[in-house]
Amino acid sequence: MHNYNDLASLFFNTNDDTIRNLYSNGTDHEFHITSILVFFIASYFLGIFSYGLALPSGLFVPVILTGAAYGRLVGMLIGSQSTLDHGLFAVLGSAALLGGSMRMTVSVCVVILELTNNLLMLPLVMLVLIISKTVADAFNANVYDLLVKLKGFPFLEGHAEPYMRQLSVSDVVTGPLQTFNGIEKVGRIVDILKATGHNGFPVVDEPPFSDTPLLYGLVLRSHLLVLLRKKEFISSSTASASDASKHFSPEDFAKRGSGKHDRIEDIELTAEELEMFVDLHPFTNTSPYTVVETMSLAKALILFREVGLRHLLVLPKTSKRAPVVGILTRHDFMPEHVLGLHPYLFKSRWKKVRFGKTAFSNFF
């Protein structure tokens, strides 16, 4: 007996065997259109569901599988109007879905060529990839960029948006800015660390340490937590004769692994210790990257990204103001933040339609 169930052969086989069955030549009458439609819908939604789980499941093979079912379904719908094999439609469907969802081009050509071992299919695959990628770029970003945005990760693009050239860094600086004195009271450090989640704080020297308020540098939150945990305090707000940094080793300030960071809530201090002081001078980065508040936001973004900064201090144009007016982080350069502060720029924002040169240059 040669009876079989075409839907079962799709669902109960491994992904490799199912893809091989869908890609096979001379199988135009082996699958019913209803079975292909059910399998396409099931694989599409199961792929979305499985990728959204916190499990080590990929998206590459499910997209190939779903695209193959979609392509064969299109071949069945065309029917007698085309003499092409349904297996060819399945291959082109996989290429189209990969190009449209992941924006993969050259690598897809190589993968499809390896799967089919047919060099004659390369021109058709290239044409499908160019069309699918160009159409998809006209509407949204690739699936991985969309996931980064949905998770709220502050990922910066490699280029500045056109509307950023109309703004200066002072237009996106938000406050209030929290600064520390060169010799700061322990209680104030604890209060600020509990009230904010910032990872860097400007250190400003004021009289009698300098004639006028002067930016000394930048101190990291992690370093402040080490100082509080080690309790290397001084009793007065005058400079100490000894170098406090000699009481610490490089391992104390080394970056720890994930989940092992110090927390301000875990540090216990007495009322007497809260009234003492910490000399921040030995633990401050005295040469942080700075920009003037009138600098173009687009130029500041390029500097921030190319150098790989985490903090960028903003200095005033004139010396009559505070020595530092703000601090920029990744979130300050995000389009959501910039357009939220200046909604009128949203109407003039350039559309990311990459027809023509960009689509073909990305392909090759």
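**View 1. Phe11 is partly exposed, with a relative accessibility of 35%.** Partly exposed lies between buried (under 20% relative accessible area) and exposed (over 50%), with a 1.4 Å probe and protein chains only. The model is predicted: local features need pLDDT of at least 70, side-chain atom pairs count only at pLDDT 80 or more, and totals for chains, interfaces and linings use all residues. Residues are numbered from 1 along each chain as its sequence is written, and side-chain values use heavy atoms, with hydrogens and water left out.

View 2. Rings of Phe, Tyr and Trp (its six-membered ring) pair if their centres lie within 6.5 Å; planes under 30 degrees apart count as stacked, over 60 as edge-to-face and the rest as tilted. Because the planes of Phe11 and Phe39 stand at 75 degrees, with ring centres 5.3 Å apart, this pair is edge-to-face. Phe11 belongs to helix α1 (residues 6–11) and Phe39 to helix α3 (residues 33–52), 28 residues apart. Helices (H or I, at least four residues) and strands (E, at least two) are DSSP runs, numbered from the N terminus. Phe39 is buried, at 4% relative accessibility.

**View 3. Phe40 and Tyr70 form a tilted pair.** Their ring centres are 5.9 Å apart and their planes meet at 40 degrees. Since Phe40 lies in helix α3 and Tyr70 in helix α4 (residues 60–78), the pair ties together parts 30 residues apart in sequence. Tyr70 is partly exposed, at 39% relative accessible area. Ring pairs also link Phe40, Tyr44, Phe45 and Tyr70 into a cluster.
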